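Q: I would like to learn how to read symmetry and ring contacts in a model. Can we go through them one at a time?

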Protein chains: 2
Amino acid sequence: MTATASMLVIGDEILSGKTKDKNIGVLADALTMVGIDLIEVRIVSDEEGAIISALNAMRTSTTYVFTSGGIGPTHDDITADSVAKAFGVGIGVDPRAYALLSDFYDRTGREMNAGRERMTRIPDGADLIDNPVSIAPGFRLGNVHVMAGVPSVFAAMLESVLPSLNGGVPISVQTLPFNCGEGDLAESLASIDSHFPTVAIGSYPKLTNGRFTTEIVLRSRDKAALDAATQAAQKLRTQMNAD
Amino acid sequence: MTATASMLVIGDEILSGKTKDKNIGVLADALTMVGIDLIEVRIVSDEEGAIISALNAMRTSTTYVFTSGGIGPTHDDITADSVAKAFGVGIGVDPRAYALLSDFYDRTGREMNAGRERMTRIPDGADLIDNPVSIAPGFRLGNVHVMAGVPSVFAAMLESVLPSLNGGVPISVQTLPFNCGEGDLAESLASIDSHFPTVAIGSYPKLTNGRFTTEIVLRSRDKAALDAATQAAQKLRTQMNAD
């Protein structure tokens with residue numbers, strides 16, 4: 001069985017357009033590298049009900065869940081509490097997280113106030129996820145990995161988490177640019193697709209200077225089948241003069 | 001009642017990381033402008049079951065649904081058929097879409113083949129959405145707007161659709177940069193937040209050159225309350241010397 005994953009992006013700022021998400025693509029690239037299939041992403045607002053219902057749907061349907069956003073010190077950071085409620089466990093100041101943060105603030109001459117203490121609230125039974133950038137940790141509870149929304153912190157936390165995941169055989173990818181529109185090759189491509197059931201063949205139009213070209217992407221865990229399908233697509237491209 | 005919206009992004013290429021989505025932010029910005037709340041986004045793969053179940057959840061929970069991706073001429077473009085199944089209606093070659101495309105191909109010296117004809121398959125009862133970029137239309141069925149994944153085409157189709165939407169009072173936004181980390185202002189900000197129930201106050205950390213600053217974003221449809229809350233936040237910023 002291939003491991004699957006889902007991602008929950010939490011944040012009004014993404015849904016209002018104020019901030020453009022950068023974490024989805026980073027997680028997608030990383031999971032593809034280690035052979036885990038990202039099968040769904042959801043973006044919800046900073047509302048407890050929306051977070052809990054999405055989390056409960058995702059943590060039962062995929063091997064791993066990754067969240068981004070809502071774990072800072074302010075009143076609108078409600079991810080940790082929502083995760084605790086989704087799992088039906090308690091939440092409180094975590095001594096490990098508190099020690100990490102108070103030590104960090106001591107060293108940098110800042111005080112541990114109520115807002116910063118809020119970042120040490122961790123659901124009961126969770127493991128901490130290391131944050132080398134700004135120290136305040138993420139956490140893993142069951143199959144749910146709770147990480148920051150700030151892209152540099154998200155990426156650093158993901159680095160901490162990746163070695164603990166059980167990936168499958170990574171997917172191999174071949175990309176063939178066709179110098180023609182999708183409409184010219186659709187039929188022949190469908191025929192190649194039907195000959196190679198273990199190869200996923202995607203067709204992606206690109207519009208450049210008012211003219212469509214097409215990128216054909218072949219993906220498979222079966223290297224021999226991938227090579228054969230790629231050869232068939234290359235032959236088609238030559239026949240079509242679309243090199 | 002404020003109109004709400006959801007978005008369904010359809011495409012393996014986004015979930016594999018091969019392509020980075022650009023349409024979510026474009027839709028989010030446009031809906032905020034016309035006073036419609038985008039409350040959820042989902043990204044699913046090119047699989048009929050996943051598309052249908054997400055669509056049926058979203059079209060009953062929000063006023064409007066917008067989809068991107070999967071309406072091209074190739075075998076992996078299954079959005080139109082999935083939408084028809086979700087609504088339980090038939091689908092076939094649409095004479096209006098066929099006329100548009102065959103005329104376009106005539107004029108540009110190309111032939112209408114089976115792949116291109118696939119782009120004229122439209123669910124029964126749908127209205128067409130104009131595509132000034134590459135002609136092949138999107139469509140609206142009930143409250144679901146089906147649009148292309150190619151960003152320039154998505155944006156053009158969205159322009160066609162926007163005038164038909166019933167927006168509410170647009171949300172007014174005030175942004176205040178604070179020259180300090182979130183941890184320094186969390187408590188005072190929570191107090192302001194509790195005084196202005198009709199104003200949504202978001203706090204967004206930014207990490208630049210290893211140092212956190214904070215952007216406070218105040219959003220409301222109630223202009224007077226927004227102004228009062230913004231004044232309170234400005235006063236706090238002056239008190240904290242965080243201008």
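A: We can; note that this model is predicted.

Q: Which rotation and which shift along its axis superpose chain A on chain B?

A: To read such a relation, take the angle, the shift and the RMSD together. Here the rotation is 180°, the shift along the axis is 0.0 Å, and the RMSD is 0.0 Å.

Q: Which C-alpha of chain A is nearest the axis?

A: That of A:R42, which is 2.1 Å from the axis. The same surface serves both copies, as 100% of the contact residues of chain A recur in chain B.

Q: How many aromatic pairs are there over all chains?

A: A search of the whole structure gives four. One of them joins A:Y64 and A:F66, with 6.4 Å from centre to centre and 45° between the planes, a tilted pair. Both of these residues, A:Y64 and A:F66, are buried.

Q: Why is the pair of A:F104 and A:Y105 called tilted?

A: Planes under 30 degrees apart count as stacked and those over 60 as edge-to-face, with the rest tilted. The planes of A:F104 and A:Y105 are at 45°, so this pair is tilted; the ring centres are 5.5 Å apart.

Q: Are A:F104 and A:Y105 buried or exposed?

A: A:F104 and A:Y105 are both buried.

Q: Where does the charged end of A:R59 sit?

A: For a charge over a ring, read the distance to the ring centre. The charged end of A:R59 is over the ring of A:F87, 4.0 Å from the centre. A:R116 lies over the face of A:Y105, 4.7 Å from the ring centre.

Notes:
Residues numbered from 1 in each chain as written. Chains lettered and ligands numbered in written order. Predicted model: local features only at pLDDT ≥ 70, side-chain atom pairs only at ≥ 80, totals over all residues. Heavy atoms only, no water. Least-squares fit on C-alpha atoms with pLDDT ≥ 70 in both. Contact = heavy atoms within 4.5 Å. Phe/Tyr/Trp six-rings, centres within 6.5 Å; stacked < 30°, edge-to-face > 60°. Buried < 20%, exposed > 50% of the residue type's maximum accessible area, 1.4 Å probe, protein only. Lys NZ or Arg CZ within 6 Å of the ring centre and 35° of its normal.
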